[in-house]
Amino acid sequence: MNLQMIFRVNGGILFANGLSFLVLTETFLGMAGFDMTPQLQTLAQAMGVSLISIGLLSWRTPDIAGGAMSSYGQLYGVIGVLWVLLIGYHAATGQASGPPVYGNLAINAVLAALFFMYSKK
């Protein structure tokens, strides 16, 4: 495994989550314990587009970062930690639950650790 592969995996997961938020909004959020409202659907779809966009950035980072790829890896590691903290808080306070929450918590923790490990200079 190398840093380029971690960026690609991260991009793929972000893209899949974004697509779930955008296209399977009610199902995806229902599995996490949310009651669907028109306002939540609008917000979730905006989140979906944001995740797809960040996924594309992650996928393309190895191609455009050049010598700064380690720095980008550390940045993505920090972003992963922020996701772990937010998702962990939502799970701990009961604001969200179910497979999407725990799956994303684990995936983000692993990816953050991998970004930090493979970004060491």
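This is a predicted model: local features need pLDDT of at least 70, side-chain atom pairs count only at pLDDT 80 or more; totals for chains, interfaces and linings use all residues.
Residues are numbered from 1 along each chain as its sequence is written. Local features need pLDDT of at least 70 and side-chain atom pairs count only at pLDDT 80 or more, whereas totals for chains, interfaces and linings use all residues, and side-chain values use heavy atoms, with hydrogens and water left out.

A nonpolar patch on the surface is formed by Phe15, Leu19, Leu22, Val23, Leu24, Val49 and Leu56, which together have about 600 Å² of accessible area (Shrake-Rupley method, 1.4 Å probe, with only the protein chains shown counting as cover for residues; patch residues have over 30% relative accessible area and no salt bridge, and nonpolar side chains are joined within 5 Å; a salt bridge is a side-chain nitrogen of Lys or Arg within 4 Å of a carboxyl oxygen of Asp or Glu). Two or more residues of this patch are given by each of helix 1 (3-23) and helix 3 (38-64) (helices being DSSP runs of H or I, at least four residues, numbered from the N terminus), and the largest share, four residues, comes from helix 1. Leucine 22, placed in helix 1, is partly exposed, with a relative accessible area of 31% (between the limits of under 20% for buried and over 50% for exposed).

The largest pocket holds about 570 Å³ of space (on a 1 Å grid, an open set of points with protein on both sides within 12 Å along at least five of seven lines, lining residues having an atom within 4 Å of a point; the volume is that filled by 1.4 Å probe spheres set on the points). Of its 25 lining residues, Phe21, Met47, Trp83, Ile87 and His90 are the closest to the centre. The largest share of the lining, six residues, comes from helix 5, and the lining comprises 20 nonpolar, five polar and no charged residues (Ala, Val, Leu, Ile, Met, Phe, Trp, Tyr, Cys and Pro count as nonpolar, Asp, Glu, Lys and Arg as charged, and the others as polar).

Key. Patches are made of residues with over 30% relative accessible area and no salt bridge: like charges are joined within 9 Å, nonpolar side chains (Val, Leu, Ile, Met, Phe, Trp, Tyr) within 5 Å. Buried means under 20% relative accessible area, exposed over 50%, partly exposed in between (1.4 Å probe, protein chains only).
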